[in-house]
Amino acid sequence: MSKINYAKKYSTLNLRLCENMHLNKYNITSLSKESGVAIGTIQKLMTDPHCNPTLSSLEAICNVLNISVSELIGENKNNRNQNQIIIPLVSWETLTEMNAKKIPEQIKSEATVTTSRKVSNETFAVKMNGNSMLPLFPDGTLLILDKQKTYYDTCYILAKLETHNIFVFKQLLIDEPYKYIKAINPAFKENITKLEAKDKIIATLVEAQIQYK
Amino acid sequence: MKILKKLYGWLNFLPKNSFKIVEITGSTQTKNSSITYQVCGTSTTTTEKPEAIVDALMEIKGFSKEDSQLIYRMAITEKQAPNLKITNIVFDENQILFEIEDIQLQSSFKLPAEEIINSQVLINSLSVTDVIIVHFQYIKKTELENKLQKKPQVIQFDRI
């Protein structure tokens, strides 16, 4: 007869809330009274590892417990580093020399970056250059692009414009049967380009890592 | 007059200040700066945060004018530096999440733009550049939602 595992796995939020409630000598009823958050919600926050609370209820609880939201829900940097995936970082110059069809197989790792996201083995990174995608993507932002991720309307993509033989990172707009690419910076007035049939969408953006100077 | 000038020269030669900065570590932007200062004439050194030195007004009087200004400036910059910063933006078909890092706690959490905007605490703790990024994304999302709502429905003529 197989043994049933009764041990319930609690989330970081569950454990931290219980710990802080204990430290500040609060029970469910008193915390609910002070914070204005329903008893059921607090009970769920304490016991349900999959609960998805609103920020407003978390803030109300944090105010009473005298802690910040990041102290309650923040994931430790060391824990994040455990699930990191190393991906190659390519320069725009190297990218231009490559055959669009064979990216990222052709990439010889010049440098690497890490991501904690679940990505395919056809993922690579490029560094944002220029101001065309401000304010969301400042110059120097690391763009993690996945070739296997399917593109959708308003997503951000890396495309190759065959007529100019250049790679561009832009927002994709789909108005079937046409596709357009757009620079999101409002300062770029003529910022919409229609994608021709021979132009290729190389990969879709999955993560942007902002680099602070 | 000559005697006075000589005396003034001697006074300048003698050490005026009790403390001097010997090392600065960390960064005010990451709120982990610390100042190592030395008690003049001895090998005794102490390391403290700029804010702590400013609080101890007696101690700041013992520093030179330049050192005092530096300590004040560091304390102010550190206090004004944002507590939170956006490190990553995660893109998914369903939503875009901002990964926010607590600079002091070195921990992070992910939230969508609308939740960040609704929280005054979070907005106040982020830098101006980060707030612009969040606002921009929020406006983009709202624009898209409005556009989708306004999209005309396809009329089925055979049913009329």
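Which residues do ring pairs link into a cluster? They are F137(A), Y156(A), F169(A) and F91(B). The model is predicted. This briefing covers its aromatic pairs and a sheet in chain B.

**Aromatic pair between chains**
- Over all chains, the structure holds eight aromatic pairs.
- One of them is Y156(A) with F91(B), an edge-to-face pair at 5.4 Å centre to centre, with 70° between the planes.
- Y156(A) sits in strand 6 (residues 156-161) of chain A and F91(B) in strand 4 (residues 84-91) of chain B, so this pair joins two chains.
- Both Y156(A) and F91(B) are buried.

**Aromatic pair within chain B**
- Y37(B) and F63(B) also pair edge-to-face, at 5.2 Å centre to centre and 75° between the planes.
- Y37(B) belongs to strand 2 of chain B, while F63(B) is in the loop between helix 3 (57-61) and helix 4, so the pair ties together parts 26 residues apart in sequence.
- Y37(B) has 3% relative accessibility, so it counts as buried.
- F63(B) has 4%, so it counts as buried too.

**The sheet in chain B**
- Strands of a sheet pair through backbone hydrogen bonds, either parallel or antiparallel.
- Chain B has an open sheet of three strands in the order 1-2-3, with antiparallel pairing.
- Strand 1 (19-25) and strand 3 (45-48) of chain B each have a single partner strand, so one side of each lacks a neighbour in the sheet.
- Neighbouring strands of this sheet are turned by 25° against each other on average, direction ignored.
- Six bridges join strand 1 to strand 2 (residues 34-39) of chain B.
- T25(B) has S34(B), in strand 2, as its bridge partner.
- Helix 4 (residues 65-80) of chain B lies across strands 1 and 2 of chain B, at about 40° to strand 1.

Notes. Residues are numbered from 1 along each chain as its sequence is written. Chains are lettered from A and ligands numbered from 1 in the order in which they are written. This is a predicted model: local features need pLDDT of at least 70, side-chain atom pairs count only at pLDDT 80 or more; totals for chains, interfaces and linings use all residues. Side-chain values use heavy atoms; hydrogens and water are left out. Two strands pair if DSSP finds at least two bridges between them. Helices (H or I, at least four residues) and strands (E, at least two) are DSSP runs, numbered from the N terminus. Axes are lines fitted to C-alpha atoms, for helices over the stretch in contact, and angles run from 0 to 180 degrees between N-to-C directions. Contact means heavy atoms within 4.5 Å. Rings of Phe, Tyr and Trp (its six-membered ring) pair if their centres lie within 6.5 Å; planes under 30 degrees apart count as stacked, over 60 as edge-to-face and the rest as tilted. Buried means under 20% relative accessible area, exposed over 50%, partly exposed in between (1.4 Å probe, protein chains only).
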